Amino acid sequence: MSGAYPIRPISESEFAAFYAVIEHAFNSTYPTEPELQHDLAVFEFDRSLAAFDGPHMVGTAAAFTFRMTVPGGAVAMGGVTAVGVLPSHRRRGILSGLMRRLLADARERGEPVAALFASEASIYRRYGFGIATAELDLTIRRGEGVLLEQAAAAQDPAPRMRIAEPRDAVPELAKVFDFILPARPGLLARDDRWWDYVLWDPEHRRSGGSPLRCVIAEDETGPRGYALFSGKPEWDDHGIPSGTLEVRELMATDPAAYSAIWNDLLTRDLVREVRARVRPADEPLLYLLADPRRARPLLLDGLWVRLVSVDRALIQRRYACTVDVVIEVADDLFADNAGRWRLRAPGPAGAEGAAAAAAASCERTSAPADLALPVQALGAAYLGGTRLSALAGAGLVSEMRPGAVAELSAAMSWDPAPWSTTGF
């Protein structure tokens, strides 16, 4: 079991060994040195953990310190990453030991929430994580990206489009991103280190595509939107162009800029197919296309969220309507989370305005529970995208008081849908 494998943070001199475990665990084919240096630029050694079998490192885990947007605010969040165990040491409790220690550390740091992108979806529910964001993959072929006429007519004032080098344009990209950040749950604040991380574009990761490129929608007031993308030129045996354009990130502050950017990308010459990955579940393009079926949307899980401190997490977000419920939480890892909590929030309306909207309370109670749920369900619903009513329909939430699930589900829902674009 994990007790036989001591766990501790690593030093900088041990990072190469740490990275070697990750390469084995994830079957990496990338060249080691550039990947190692890329990760080292944002790595936090005081948030690293490694498990040892004698002198040999056999398991790894780490976390990043993030600020994540939540409904009506933002919270400190521990971004779980680099979780891996050598194939020779699986099924020995090493992963569980690392995850328990990592989550306990986030709790001790005052982070009410932890989150991750799951390498394999079957792993992380056992540690209290729930699917909190959904993301769309879109594939639009040549001639299929026709936008609605009324949408095109509504582009007033229409922005002008300008091509820019991504790294040279960071101040403009950041201006757009930071405008969107406070309103979209799931987004992670970016400093210069994380902009460098996001824009990293080594040749070995391009799969034959072009360097990362950027187009900015702007007017005299400044940038209103941008897209980061790459192209891959191809021609078939008859000389017909069949290139692809991969959209890595697209952000816009208003509908006109959004429409103009998509129109630019979907009408590029020599492109057979435009692919956009990690798009929000409420992607407006599905309503902007004349034929939305042509987007071929594929819905996937995105960010997984874990409430490491239930009460502190629930009071740091706002609620869509008034709620007063007693919830009974099950949590196998943190006894302090388990039990009955009375959650009360006034919702966003009322004479008190924004101040009242922030005044949620979550306190221990001995009152009878209105509903019971595992901490995974709270994590899934926390950002406002996953409906508790859907989880109840799957048998994952139990209702004791009729109407309690609908009440809490409505209160925890949020607009816009949560979306997380920064991989880690």
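Student: Which residues of helix H2 are buried, and what makes them "buried"?

Tutor: They're Glu35, Leu36, His38 and Asp39, in the helix spanning residues 32-40. Buried means under 20% relative accessible area, with exposed over 50% and partly exposed in between (1.4 Å probe, protein chains only). Helices are DSSP runs of H or I, at least four residues, numbered from the N terminus.

Student: How do you know that they sit on the same side of H2?

Tutor: They cover an arc of only 160 degrees around the axis, so they share one side of H2. That arc uses the directions from the helix axis to the C-beta atoms. They pack against helix H1 (15-25) and helix H6 (192-199), where contact means heavy atoms within 4.5 Å.

By the way, this is a predicted model: local features need pLDDT of at least 70, side-chain atom pairs count only at pLDDT 80 or more, and totals for chains, interfaces and linings use all residues. Residues are numbered from 1 along each chain as its sequence is written, and side-chain values use heavy atoms, leaving out hydrogens and water.

Student: What makes the chain's radius of gyration agree with a compact globule?

Tutor: The rule is 2.2 Å times the number of residues to the power 0.38, and the radius is taken over C-alpha atoms. For 424 residues a compact globule would come near 22 Å; the protein chain has 23 Å, so the two agree.

Student: And how much of the chain is buried?

Tutor: Of its 424 residues, 51% count as buried.

Student: How many helices and strands are there?

Tutor: The protein chain has 13 helices and 19 strands, a strand being an E run of at least two residues.
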